[in-house]
Amino acid sequence: MTSDCLFCRIVAGEIPATVVHETDATLAFRDIAPQAPVHVLVVPKAHYTDVAELAKADPTLAGQVLAAGAAVADTEGLTQDGFRVIFNVGEHGGQEVFHVHAHVLGGRPLGPMVSS
């Protein structure tokens, strides 16, 4: 837990969020600026800066984050038509909050991965 981390504060219940899925190790909540009809963030409750750090330090927890993302997609009704799971890493990768998080997006055709 890092006291100045937005997602750590959400996990701790200090900042409200609309939780859609929770396990002992993960928390999934709606993004406050959704980029698709369904846009849910999945975070490990433990603080890791990005998915690369998490994968090296705790591959089991990394798998739990992915499993939580799949559970969110199922609960949100995205599995039939498809969905996207994105991890942004670092400044060039578009990461804005430096606590690893997966974006689960769906509910409409999402288009190309990278715009020109």
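Predicted model: local features only at pLDDT ≥ 70, side-chain atom pairs only at ≥ 80, totals over all residues.

Visitor: How many residues line the largest pocket, and which lie nearest its centre?

Guide: The lining has 30 residues, with Asp31, Ala33, Gln35, His39 and His103 nearest the centre. Two or more lining residues come from each of helix H1 (6–11), strand E2 (26–30), strand E3 (38–44), strand E4 (83–87) and strand E5 (102–106). H1 gives the most, with 3 residues. As for volume, the largest pocket has about 700 Å³.

Visitor: What makes Phe7 and Phe29 an aromatic pair, and is it stacked or edge-to-face?

Guide: Check the numbers against the cut-offs. Ring centres must lie within 6.5 Å, and here they are 5.5 Å apart. Planes over 60 degrees apart count as edge-to-face; these two make 70°, so the pair of Phe7 and Phe29 is edge-to-face. By this rule the count comes to 1 aromatic pair.

Visitor: Where in the chain do the two partners sit?

Guide: Phe7 is in helix H1 and Phe29 in strand E2, 22 residues apart, so to speak a link between distant parts of the chain.

Visitor: What is the strand order of the open sheet?

Guide: The open sheet has 5 strands in the order E1-E2-E3-E5-E4, and the pairing is antiparallel. The twist averages 20° from one strand to the next.

Visitor: How do you know that E3 and E5 are paired?

Guide: Pairing takes at least two bridges, and 5 bridges join E3 to E5, so these antiparallel strands qualify. Within this region, Val40 stands opposite Val104 in E5.

Visitor: Why is one side of E1 and of E4 left without a neighbour in the sheet?

Guide: Strand E1 (19–22) and E4 stand at the edges with a single partner strand each, so one side of each has no neighbour in the sheet.

Visitor: Which helix lies across the strands?

Guide: That's helix H3 (residues 59–75), which lies across E1, E2, E3, E4 and E5 and runs at about 155° to E3.

Conventions
Residues numbered from 1 in each chain as written. Heavy atoms only, no water. 1 Å grid on protein atoms, 1.4 Å probe; cavity = no way out; pocket = protein on both sides within 12 Å on 5 of 7 lines; lining within 4 Å. Points joined across faces, edges and corners; volume = space filled by probe spheres on them. Helix = DSSP H or I, 4+ residues; strand = E, 2+ residues; numbered from the N terminus. Axes fitted to C-alpha atoms, helices over the stretch in contact; angles between N-to-C directions. Contact = heavy atoms within 4.5 Å. Phe/Tyr/Trp six-rings, centres within 6.5 Å; stacked < 30°, edge-to-face > 60°.
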